[in-house]
Amino acid sequence: MAAADQQRRLADACRAAARAVAYRGPPPQRRQILEAIVHIPCTGQAWTRLPPALGPFLACRRRLLRWRDDGTLKRICRPVLPEQDAIWQQRLAAYIGLPA
């Protein structure tokens with residue numbers, strides 16, 4: 001009986017994990033995360049007000065911190081972009097604390 005109980009508990013755990021993954025949906029893509037990261041400094045909204053279409057705010061915020069720490073955001077803010085893109089680039093640079 002112990003083996004049957006173990007199998008039942010394992011099956012229950014697998015079903016619960018599958019439901020949790022299905023509930024969260026697919027992870028946001030890099031482009032979507034970058035759009036979320038740019039959205040915050042451009043709108044001045046709080047992370048908790050991030051539109052659902054841009055992904056879960058906690059995942060996007062964690063990625064912002066990771067990209068800030070590893071230098072990815074500095075590389076995004078470095079190149080000279082056309083005028084219409086320079087605005088969001090400047091706001092992002094100010095948001096992460098890069099000198100103007």
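Biologist: Why is Q89 called buried?

Modeller: The relative accessible area of Q89 is 7%, and buried means under 20%, exposed over 50% and partly exposed in between, with a 1.4 Å probe and protein chains only. Q89 therefore counts as buried. The model is a predicted one, in which local features need pLDDT of at least 70, side-chain atom pairs count only at pLDDT 80 or more, and totals for chains, interfaces and linings use all residues. Residues are numbered from 1 along each chain as its sequence is written, and side-chain values use heavy atoms, with hydrogens and water left out.

Biologist: Where does Q89 sit, and which residues is Q89 in contact with beyond its neighbours within four places in sequence?

Modeller: Q89 belongs to helix α5; helices (H or I, at least four residues) and strands (E, at least two) are DSSP runs, numbered from the N terminus. With those neighbours set aside, I76, C77, R78, P79 and L81 are in contact with Q89, where contact means heavy atoms within 4.5 Å. The Q89 side chain also reaches the backbone oxygen of P79, at 2.7 Å.

Biologist: How do you know that the length of α5 agrees with its number of residues?

Modeller: The expected span is 1.5 Å times one less than the number of residues. For the 14 residues of α5 that gives 20 Å, and the end C-alpha atoms are 20 Å apart, so the two agree.

Biologist: Which residues of α5 are buried, and what makes them line one face?

Modeller: A86, Q89, L92, A93 and I96 are the buried residues of α5. Seen down the axis, they fall within an arc of 130°, so they line one face of the helix; the arc is that of the directions from the helix axis to the C-beta atoms. An α-helix has 3.6 residues a turn, so residues three or four places apart point the same way. The face of α5 turned away from the buried side carries the exposed residues E83, Q84, Q90 and A94. Among the elements that cover the buried residues of α5 are α2, α3 and α4. Just after α5, G97 has a positive phi of about 90°.

Biologist: Why are α2 and α5 called roughly perpendicular?

Modeller: Their axes come within 9 Å and cross at roughly 85°. Axes are lines fitted to C-alpha atoms, for helices over the stretch in contact, and angles run from 0 to 180 degrees between N-to-C directions. Angles under 35 degrees count as roughly parallel, over 145 as roughly antiparallel, 65 to 115 as roughly perpendicular and the rest as oblique. α2 and α5 are therefore roughly perpendicular to each other. The contact is made by I37, V38, I40, P41 and C42 of α2 together with W88, R91, L92 and Y95 of α5.

Biologist: At what angle do the axes of α2 and α3 cross?

Modeller: The axes of α2 and α3 cross at roughly 90° and come within 9 Å. That makes α2 roughly perpendicular to α3. In this pair, R30, I33, L34, A36 and I37 of α2 meet C60, R63, L64 and W67 of α3.

Biologist: What puts the buried residues of α3 on the same side?

Modeller: C60, R63, L64 and W67 are the buried residues of α3. They cover an arc of only 110° around the axis, which puts them on the same side of α3. They pack against α2 (30-43), α4 and α5 (83-96). R62 and D69 are exposed, on the face turned away from the buried side of α3.

Biologist: How do you know that the span of α3 agrees with its residue count?

Modeller: α3 (residues 57-70) has 14 residues, which should span 20 Å, and its end C-alpha atoms are 20 Å apart, so this agrees. Just after α3, G71 takes a positive phi of about 90°.

Biologist: Why does T72 count as buried?

Modeller: T72 has 17% relative accessibility, and therefore counts as buried. T72 lies in helix α4 (residues 72-77). Its side chain makes a polar contact of 2.6 Å with that of D70. A polar contact is a pair of N or O atoms within 3.5 Å; within protein, one must be able to donate a hydrogen and the other to accept it, and residues adjacent in sequence count only if both atoms are side-chain atoms.

Biologist: What makes A36 a buried residue?

Modeller: A36 is at 0% relative accessibility, so A36 counts as buried. A36 is part of α2. Apart from neighbours within four places in sequence, A36 is in contact with W47, L50, L54 and C60.

Biologist: How many helices and strands does the protein have?

Modeller: The protein has five helices and zero strands. Of its 100 residues, 26% count as buried.
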